[in-house]
Amino acid sequence: MKKSAMFLLWVGAAISVSEIFTGGLLAPLGFVQGLIVIIIGHIIGTALFAGGAYVSYCRKVNAMDSVAFSFGKLGGKLVALCNLVQLVGWIIILVVQAGGAIAGVFPNLPFWTVTLTLSILQIVWAVIFGTPGGRINDIAVVLLAGLCVLFLVESFGYNAGSLSISTNMSIMLGIELSIAMPVSWLPLVGDYSCKANDKIGATLMPFLGYFLGSCFMYIIGLSIAVSSGNDIFAFIASSRFRYVACGIVLLSTITTNFVAIYSAAVSSTQWIKIKNIRTSILMVGIFTLVVSVFFPVSRFELILEKFLTSITMVFVPIFTLILLEFFMKKQTTEKHNNWGQLFIVLIGIAGNWLFNKYGIFIPTVMTILLVSTLFVIKYIIGGNKAWRK
């Protein structure tokens, strides 16, 4: 995959209603403090994201196959299942949120018809184009980025309003919400970086693409919330560019979920062996369509906050260990079940929950330190063979 295609792939993945909405949650911090929080959080989260990309590039395997190097076959399957669950959750959330935004502009349209249309379009797009990163996707991303500038420009035209969104936001939580978005893509970045032509395309391009795209989305959401007092859904409904906004929502949902559906299909192959990846894509697409249309989830900010913090709670310990294993030992194969690694992950998950509950520094950073300390102790005491069967 070319550098430009890799860069645009991750810019496109970042452009979504959920990213804008999450940026709006930081409004209680104010624009300046919110901007600083966005940058700090994205530097931490996207650095982990790029690390995962580098590991898969060097091993020339997809993200979930790379996990098996550190956790063994069983561990790889468990992580793949976690990734499949979070990706299916993301696909459904994005469809439902996009449906809510479009239904707000066209109130006479039944909500289920909007989500059904979005679900069908993203399935057709994914099945026809298969692997993300094609020319059509590149053109769509460039168009999306240009249209999003309209949002930012319009948001600056408002006088400061009274915030109608949650006012319970600490700097720590704001940084965690900024870390969570790039971390949510960490379990699948390797599906694309393993196809890169060189190290720059595999690591720097995903880092820059997602960092710039995601920060831009967060800033749009922050600006809208600080300036108008509304979240992205209310803003779209009253926007002068609301019909253009519907096009942005439609196209961004397809390009973002395009990446998620493909990687969910790849993760599913750890459990169900299917030769044609398009068959797995179709299965994932149909399942998410049914849930999105008939069992739509709530789009309240509390749901998204809990979902994002849950993602970091699970995947930060996992990929901290993967990076440590790779850079300290650089093993080339792993066929055993590594119970020691899985035990450290469980401690890391529990630690992350405690760090979040009691607001201890930045929970993600504390989790990385905890897991790293346990890994070093295990490595010193047991060596490379510790706790393996």
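What percentage of the 389 residues in the chain is buried? The figure is 59%. Keep in mind that this is a predicted model.

Some totals for the chain, then. It contains 15 helices and zero strands. The accessible surface is about 15500 Å², and carbon and sulfur atoms account for 72% of that. On contacts, take those between residues at least 6 apart in sequence: 87% of them join residues at least 24 apart.

Next, one helix pair. Two packed helices are described by the angle between their axes and the distance between the axes. For helix H1, residues 3-14, and helix H8, residues 186-193, the axes come within 11 Å and the crossing angle is roughly 155°. An angle over 145 degrees counts as roughly antiparallel, so H1 is roughly antiparallel to H8. The crossing of H1 and H8 is right-handed. On the H1 side, the contact is made by Met6, Leu9 and Trp10; on the H8 side, by Leu188, Val189, Tyr192 and Ser193. By class, the residues of this contact are six nonpolar, one polar and no charged.

Last, two backbone angles in loops. Lys60 sits in the loop between helix H3, 31-59, and helix H4, 63-105. Its phi is near 60°, which is positive, and Lys60 is not a glycine. Phe361 is also a residue other than glycine with a positive phi, about 50°. Phe361 belongs to the loop between helix H14, 339-357, and helix H15, 363-382. Is Phe361 buried or exposed? The relative accessible area of Phe361 is 55%, and the cut-off for exposed is over 50%, so Phe361 is exposed.

Technical notes:
Residues are numbered from 1 along each chain as its sequence is written. This is a predicted model: local features need pLDDT of at least 70, side-chain atom pairs count only at pLDDT 80 or more; totals for chains, interfaces and linings use all residues. Side-chain values use heavy atoms; hydrogens and water are left out. Axes are lines fitted to C-alpha atoms, for helices over the stretch in contact, and angles run from 0 to 180 degrees between N-to-C directions. Helices (H or I, at least four residues) and strands (E, at least two) are DSSP runs, numbered from the N terminus. Angles under 35 degrees count as roughly parallel, over 145 as roughly antiparallel, 65 to 115 as roughly perpendicular and the rest as oblique. A crossing is left-handed if the near helix is turned anticlockwise from the far one by less than a right angle, and right-handed if clockwise. Contact means heavy atoms within 4.5 Å. Ala, Val, Leu, Ile, Met, Phe, Trp, Tyr, Cys and Pro count as nonpolar, Asp, Glu, Lys and Arg as charged, and the others, Gly among them, as polar. Buried means under 20% relative accessible area, exposed over 50%, partly exposed in between (1.4 Å probe, protein chains only). Accessible areas come from the Shrake-Rupley method with a 1.4 Å probe; for residues, only the protein chains shown count as cover.
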